[in-house]
Amino acid sequence: MKLTMTPVAYAALAIAVITSPLMAQAQSDAQSKGLEIAKEAEARDLGWQGSKSKLQMVLQNRHGSKTTRELRRQSLEVTDEKLGDKSLVIFDSPRDIKGTALLSHTKVLDPDDQWLFLPALKRVKRISSANKSGPFVGSEFAFEDLLAQEVGKYEYAFLKEEKVDGQDCFVVRRIPRYKNSGYKKQIVWWDKAEYRVQKIEFYDRKDSLLKTLTYGGYKKYAEKYWRPDSMNMVNHQNGKQTLLQFQEWELGLKLTDSAFTPAKLKRAR
């Protein structure tokens, strides 16, 4: 039996032949532009060397009740393209969490290294790479959220341009390339004026919106580096949120690797 194609089938085939290369080119262009935006944002923030900040962490449950913690953070810029920055977070209050410290060594595609010191147990616990999506000391920030957002950790695609709080922004999808991420994708809004992150949406492994992180009150330090006064993480699935309020920023500090080792965690002050 001889099979023939109808005119409609011929038209559909012709459209597919024509549009397929165009769609592939559009996808490639979106990926290139997304990566270009991420690289520009990174380039504008190079050279800060070391930083310290004091901040409050305000935890709010779904009923509006709040708990406040005082903590400090210091970071070391790492220029090796295969590695990422290092950071140390130390809690000062309240008493039940005082002395708790988290040390993070960001990698690009290799498993990140993180260690948590718990004063009650008087020991340093290594965080498994499979547990990076877990909540950090009861907050809405996951352990992986506290790692440096190195460009090479993600695949990118430009989506559109959109205003956020009156600012023109690039909207870029990024997909984690590293193993054991708790996120299927993230949507990032970078402002077009200074390439500062204004907002990030986090989608869980089922591709449902999990959390939104909003940055606010940017100030410029050392005449070049923009840092936010606040970062607010809202969990849309459990109704909780965690607000980080920065009180002081110091940049251009001469910190050394020796301050960011697991052996120093127990003596972190």
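User: Over which ring does the charged end of Lys199 sit?

Analyst: This is a predicted model, where local features need pLDDT of at least 70, side-chain atom pairs count only at pLDDT 80 or more, and totals for chains, interfaces and linings use all residues. Residues are numbered from 1 along each chain as its sequence is written, and side-chain values use heavy atoms, leaving out hydrogens and water. A charge sits over a ring if NZ of Lys or CZ of Arg is within 6 Å of the ring centre and within 35 degrees of the ring normal. The charged end of Lys199 lies 4.2 Å from the centre of the ring it sits over, that of Trp189.

User: Which ring has the charged end of Arg196 over it, and which residue meets Arg196 in a salt bridge?

Analyst: The charged end of Arg196 sits over the ring of Trp226, 4.4 Å from the ring centre. A salt bridge is a side-chain nitrogen of Lys or Arg within 4 Å of a carboxyl oxygen of Asp or Glu. For Arg196 the N to O distance is 2.8 Å.

User: Are Arg196 and Asp191 buried or exposed?

Analyst: Buried means under 20% relative accessible area, exposed over 50%, and partly exposed in between (1.4 Å probe, protein chains only). By that rule, Arg196 and Asp191 are both buried.

User: How many salt bridges does the whole structure have?

Analyst: Side chains of opposite charge can pair when their charged atoms come close. One network of salt bridges links Glu40, Arg44 and Glu194. A search of the whole structure gives a count of 15.

User: Where in the chain are Asp257 and Lys86, and how many residues apart are they?

Analyst: Asp257 and Lys86 form a salt bridge, with their closest N and O atoms 2.8 Å apart. Strands (E, at least two residues) and helices (H or I, at least four) are DSSP runs, numbered from the N terminus. Asp257 is in the segment after β15 (241-251), and Lys86 is in strand β3. The pair links distant parts of the chain, 171 residues apart.

User: What is the relative accessibility of Lys163, which forms a salt bridge with Asp168?

Analyst: The closest N and O atoms of Asp168 and Lys163 are 2.7 Å apart. Asp168 is partly exposed, at 40%. Lys163 counts as exposed because its relative accessibility is 55%.

User: How many aromatic pairs are there, and why is the pair of Phe91 and Phe136 tilted?

Analyst: Rings of Phe, Tyr and Trp (its six-membered ring) pair if their centres lie within 6.5 Å; planes under 30 degrees apart count as stacked, over 60 as edge-to-face and the rest as tilted. The structure holds nine such pairs. The ring centres of Phe91 and Phe136 are 5.8 Å apart, and the pair is tilted because the planes meet at 45 degrees.
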